[in-house]
Amino acid sequence: RHPLAMIMRLQALGVLAAASAAAAAAAGASGASPPAAVELAGIVSGPDFAGEVYERKHRYYPKAIGDATMERLRGIERRVWDKMNQHNRGLFKVIDSGKPVPYSGDLGGAGLARASETASIIVNSMQDGDGSIAPLSEAIENSEVIGISPNINMYTSPENRQGLSAHHDPQDVFILQVSGVKYWLVCEPLGKGRDLPTRVSDNEQHPLYYRYTAAQLQDTVCDTFKLEPSDVLYMPRGTIHAPYTLNNNSVHLTIGVDGDFTWGDFFKGLQRSGGVERYAPSAMAYFQCVPARDLNRLVPHFPLRGIKPDDIPENLVATYLNEFQSLDFSQCVDSMKDIVRCESCVSSTLSLMRQLQEMKAARQRKNRKLWDSS
């Protein structure tokens, strides 16, 4: 079966218009784009990103990355491929029939270069694989809106290839086109994808199944974006997308925002710290009355940076009490709503969250050694 069969069928169904025209129309429909070369830091600190875009809708940012950054990224695929070794081999995948499978070729850059001539190559968790990546990671981690250390994957594709088949991700992503051209079919979320899902299932019968057929997308609102070097595309989790190349090779980075905890996790933390019993039978009672989309929103991460788990400041507790009250409790009984005023409950849960963050940071430090091993 032709690797672009799904894209061709969508074209026949009228879901896809001509890529260049659709990209231009989508850019206009998305509202004002940031000025050229604002960099990733400029995107996430932009005047409308927090209130209109983040965790809400996809947005295309043409020519957002400056020449100096792009020059540092030039040739990143070869540099990272050359660092493949027996310790990090598991981070390298190839795309077969629209799905990632383990790379089974020779170790090192030469083997990967040969494989890349006929297949798309994925390098996962390569934020520590090349020095040019650091400014991109720092832009996300230092953002007051996000404040999360991202996970960065690299995708290389030969011409005339469908990448991963139509699917949604369980994390928000920024796509940065490094070289070549890649087209992106981007569709509004469907089903559970509308709830900002943080988990997915490969079981087709599971409600969290995350792949889609052309028939499912026939009546869905979709855009097509043509990404060229320095272009950025932001997609909240749950956004359906299917990338493909035509007559150009492509290298792009996927900068994934894998949050440490959602508001659903926060409720579970409240129960673990003993703060739920005064207001509800269990944390799960809130899962019955607070909208799923609210439960799946990420708790603000940036304010917790550098805070000691055993010393949560009062002003920080007040900040999170205010954020907590932004959830929709309208379908909860009145006694359950009072939990948003429990300072000790929130303080204990923030302490637990910081402990989890420190554990994650320790794992990340360990994973960095994968790129140093020989």
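Begin by selecting Val94, which stands opposite Ile121 in S4. The model on display is a predicted one.

Now display the whole sheet to which S2 and S4 belong. It is an open sheet of 8 strands with antiparallel pairing, and the order to follow across it is S1-S9-S6-S11-S5-S4-S2-S3. At its edges, select strand S1 (59-61) and strand S3 (99-102), each of which pairs on one side only. On average, and with direction ignored, neighbouring strands of this sheet are turned by 25 degrees against each other. In general, the strands of a sheet pair through backbone hydrogen bonds.

Proceed to residues 134-141, helix H8. This helix lies across strand S5 (151-157), strand S6 (172-180) and strand S11 (250-257), and runs at about 30 degrees to S11.

The tour then turns to the nonpolar cores. Select Phe49, Met126, Phe174 and Leu253: of the 44 residues in the largest nonpolar core, these touch the most other members. Strand S11 supplies the largest share of this core, 4 residues.

Which residues are in contact with Met126, leaving aside its neighbours within four places in sequence? They are Ile76, Val80, Ile133, Ile152, Asn153, Met154, Leu253 and Trp371. Showing their side chains together with Met126 displays this set of contacts.

Finally, select Phe266, Cys289, Val317 and Phe329, which are among the 34 residues of another core, lying apart from the largest one.

Conventions. Residues are numbered from 1 along each chain as its sequence is written. This is a predicted model: local features need pLDDT of at least 70, side-chain atom pairs count only at pLDDT 80 or more; totals for chains, interfaces and linings use all residues. Side-chain values use heavy atoms; hydrogens and water are left out. Two strands pair if DSSP finds at least two bridges between them. Helices (H or I, at least four residues) and strands (E, at least two) are DSSP runs, numbered from the N terminus. Axes are lines fitted to C-alpha atoms, for helices over the stretch in contact, and angles run from 0 to 180 degrees between N-to-C directions. Contact means heavy atoms within 4.5 Å. A nonpolar core is a set of buried Ala, Val, Leu, Ile, Met, Phe, Trp, Tyr and Cys residues joined through side-chain atoms within 4.5 Å. Buried means under 20% relative accessible area, exposed over 50%, partly exposed in between (1.4 Å probe, protein chains only).
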